[in-house]
Amino acid sequence: MKRLKEIFAEVMSIEEKDISDESSPENTESWDSFNSLILISELEKNFSLKFTTKEVMSVKNFKDIVEILKKYKVQDKLLS
Amino acid sequence: MIEKIQKELNLEKRKQTKIAVLSSFTIQPISEILKETCYKNNIEAEIFVAPYGQYAQQILDSGSELYRFGPEIIFIAVDSEDIVITEKSLEDYASLIMKLKESTSSKIVVNSLLLPVYSSKGILENKDEHSNTEIIKKFNELLEKESRRSNQLFVFDFNKFCMRTGYSKLRDPRFVYLAHMNISLESLEKLSYEYLSYIIPLVSLTKKCIVVDLDNTLWGGIVGEAGISGIKLGPDKEGKPFVDFQKKLLELFNRGVILAVNSKNNLEDAMEVIKNHEYMVLREDNFACIMANWDDKVTNMKKIAERLNIGMDSFVFIDDSPSEREFVRKLVPEIKVLEMPEDPAYYSDTLDKVQDFNIFSITKEDLDRGKTYSLEKKREELRSSVGDIKEFIKQLNIKYKIDYNKKDEAPRIAQLTQKTNQFNLTTKRYTEEDILNFMSLKEYLVCSLKVEDRFGDYGLTGAAIIDKKEIGRWKIDSLLLSCRVLGKEVEFSFMKEIISMARKENVKEITASYIETKKNAPAKEYLKNAGFTLVEENSEKTDYMMKI
């Protein structure tokens with residue numbers, strides 16, 4: 001199973017070290033609507049879960065994704 | 001020797017094409033997916049996806065990005081969910097497609113409209129003549145009818161696509177609402193793969209020949225060990241998958257795909273089954289070439305390619321053994337090696353999914369191809385019995401016929417320009433529309449050559465396009481012959497006919513060029529041997545002329 005940051009960096013084509021809790025579509029150029037969709041499907045595949053539409057819409061930055069994944073009881077070590 | 005083959009073939013360049021996608025919903029991700037699918041199949045595609053929801057504007061505005069992009073093929077994915085379904089609105093949509101057809105010469109592939117999966121009318125749905133289902137069905141029928149009359153328009157049966165991939169996987173309702181993405185990412189991948197079946201013939205990557213292994217591929221078990229009565233082939237549980245698989249291969253043979261055998265076996269054991277096994281579907285005449293020996297499979301592939309006079313990139317190879325597949329794939333990457341499932345029950349399914357045999361139109365020559373190769377075997381027998389080549393040609397009793405600007409031959413002539421690599425002076429590729437255009441212009445002359453001999457008909461196997469723009473001088477734009485008729489001096493008779501036609505039109509001089517490619521060495525000496533004089537030679541081309 002891949003880690004969240006690994007997937008995020010891959011989808012957005014950025015370095016893991018450039019990801020912070022505050023990373024958002026506003027300050028991350030590659031975080032466009034298309035990559036949002038890819039990110040959702042990659043996360044769902046990797047962690048074997050399914051987000052609700054509401055959860056997807058509530059994501060404003062990277063930290064929000066961490067919070068949602070916590071709710072699904074994804075192990076802490078995968079959330080780094 | 002194997003290394004040498006590998007070197008020669010790895011030089012092949014990727015085919016280039018331009019693809020446009022128009023849609024009523026968010027389909028942007030297809031751009032990346034389709035590009036990758038193409039790349040894996042040796043195609044470098046440039047892709048234009050029209051901005052969200054702009055399919056109508058792009059078609060109606062003659063200066064739109066779509067037309068400026070200049071695609072070779074346009075896919076239209078409009079979802080019935082995005083249209084208010086009435087007879088009138090679908091009429092409008094149909095005329096939009098017809099408008100596109102008039103505005104471009106690109107191939108057009110339209111997804112048929114998806115039938116409603118559920119209806120509020122419940123069990124009474126199909127009692128209503130004016131239900132949405134009925135209206136959409138009629139529209140799809142109309143579209144298909146139009147496509148039958150056209151070589152430009154194709155209908156992609158979207159409902160069948162859903163049958164294959166599962167409607168439940170078509171949409172992700174969350175993505176539909178979040179992004180108006182009516183096809184899920186997963187299904188877009190499958191759709192891209194199916195669109196590939198139109199792109200392959202577009203860039204002339206259609207495969208010509210399936211080469212099959214025998215033991216555990218055409219039948220179960222090993223004939224060398226189990227004997228003809230011990231192999232699994234027949235109506236029982238274990239034999240039926242192989243019978244069905246052979247039937248699929250026979251269907252492909254009947255539409256023009258060449259079959260050949262490449263098997264590690266004693267030839268006598270193999271022939272015994274092929275000739276005498278009660279449940280064998282494919283017989284000796286279905287195979288253009290049977291290589292059953294103990295040589296390695298690549299050496300045999302090379303021999304088959306020589307015998308059939310086709311390139312390694314025309315082959316699909318089917319073998320149950322992963323190590324044989326790996327061996328062929330590694331040494332000759334041009335050959336498409338099918339990843340066969342371990343379980344024979346899935347063999348037919350695997351073959352069904354291969355997109356590489358698609359062609360835009362089936363010609364008489366395609367349908368007769370199987371016969372052609374078995375006639376070729378008979379000619380080969382005569383050749384070895386006669387020995388002397390001049391005597392062989394004499395005994396063949398070759399007859400030929402040349403026609404000029406014959407419109408109904410345009411599909412075959414276009415196909416020849418697309419497929420002929422060896423005996424081809426300039427290797428210019430033309431579409432059917434191009435050929436029809438040449439035929440209609442006074443400045444051009446399109447000649448076609450039909451050949452037959454005492455064994456049978458070779459069909460339309462040669463063509464030349466002559467540029468007559470200059471008064472008194474003809475320029476040979478293209479001249480090509482299918483390799484089937486080579487070595488019988490037909491190429492010289494063809495030129496003689498062209499010369500005598502030129503005389504009739506008071507032409508004083510014919511010019512022609514040879515443009516070298518990696519494959520057309522067989523045509524290199526042709527102009528010289530046909531009596532032309534060398535005018536100029538440079539790295540790009542060699543120019544010749546002839547006073548008449």
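Trainee: What makes the meeting of the side chains of Glu44(A) and Arg174(B) a salt bridge?

Mentor: Please keep in mind that this is a predicted model. The N to O distance between Glu44(A) and Arg174(B) is 2.4 Å. The rule asks for a nitrogen of Lys or Arg within 4 Å of a carboxyl oxygen of Asp or Glu, so the pair qualifies. Across the interface of chain A and chain B, the rule finds 1 salt bridge.

Trainee: How do you know that Glu186(B) and Lys190(B) also form a salt bridge?

Mentor: Their closest N and O atoms are 3.8 Å apart. The limit is 4 Å, and therefore this pair counts as well. Glu186(B) and Lys190(B) both belong to helix 10 of chain B, residues 185-202. They are 4 residues apart there, about one turn of the helix. Over all chains, the count by this rule comes to 48 salt bridges.

Trainee: What area do chain A and chain B bury between them?

Mentor: The value is about 840 Å², with 79% of it on carbon and sulfur atoms. In chain A, Phe34(A), Leu37(A) and Thr53(A) lose the most area to chain B, together 58% of what that side buries. The contact takes 11 residues from chain A and 8 residues from chain B.

Trainee: Which helices of chain A each supply at least two residues of the side that touches chain B?

Mentor: They are helix 2 (33-47) and helix 3 (53-58) of chain A. Helix 2 of chain A gives the largest share, 6 residues. By kind, the residues on this side of chain A divide into 7 nonpolar, 2 polar and 2 charged.

Trainee: Why is one side of strand 11 and of strand 16 of chain B left without a neighbour in the sheet?

Mentor: These strands belong to an open sheet of 7 strands in chain B, with the order 11-12-13-14-15-17-16 and mixed pairing. Strand 11 (399-404) and strand 16 (533-537) of chain B stand at the edges with a single partner strand each, so one side of each has no neighbour in the sheet. From one strand to the next, the twist averages 25°.

Trainee: What makes strand 13 and strand 14 of chain B a pair?

Mentor: Strand 13 (residues 456-467) and strand 14 (residues 473-481) of chain B are joined by 6 bridges and run antiparallel. Pairing needs at least two bridges, so the term applies.

Trainee: Which helix lies across strand 12 and strand 13 of chain B?

Mentor: Helix 18 (residues 369-386) of chain B does, running at about 100° to strand 13 of chain B. Helix 21 (residues 432-440) of chain B also packs on the sheet, touching strand 12 and strand 13 of chain B. The direction of helix 21 makes about 110° with that of strand 12 of chain B.

Trainee: How do you know that strand 1 and strand 3 of chain B pair?

Mentor: Strand 1 (residues 15-23) and strand 3 (residues 73-77) of chain B share 5 bridges in the parallel sense. The requirement is at least two bridges, and therefore they pair. Within this pairing, Val21(B) stands opposite Phe75(B) in strand 3 of chain B. Helix 2 (residues 30-40) of chain B packs on the sheet, where it touches strand 1 and strand 2 of chain B.

Definitions and conventions
Residues are numbered from 1 along each chain as its sequence is written. Chains are lettered from A and ligands numbered from 1 in the order in which they are written. This is a predicted model: local features need pLDDT of at least 70, side-chain atom pairs count only at pLDDT 80 or more; totals for chains, interfaces and linings use all residues. Side-chain values use heavy atoms; hydrogens and water are left out. Axes are lines fitted to C-alpha atoms, for helices over the stretch in contact, and angles run from 0 to 180 degrees between N-to-C directions. Contact means heavy atoms within 4.5 Å. Buried area is the accessible area (1.4 Å probe) that two parts lose on being put together, summed over both. Ala, Val, Leu, Ile, Met, Phe, Trp, Tyr, Cys and Pro count as nonpolar, Asp, Glu, Lys and Arg as charged, and the others, Gly among them, as polar.
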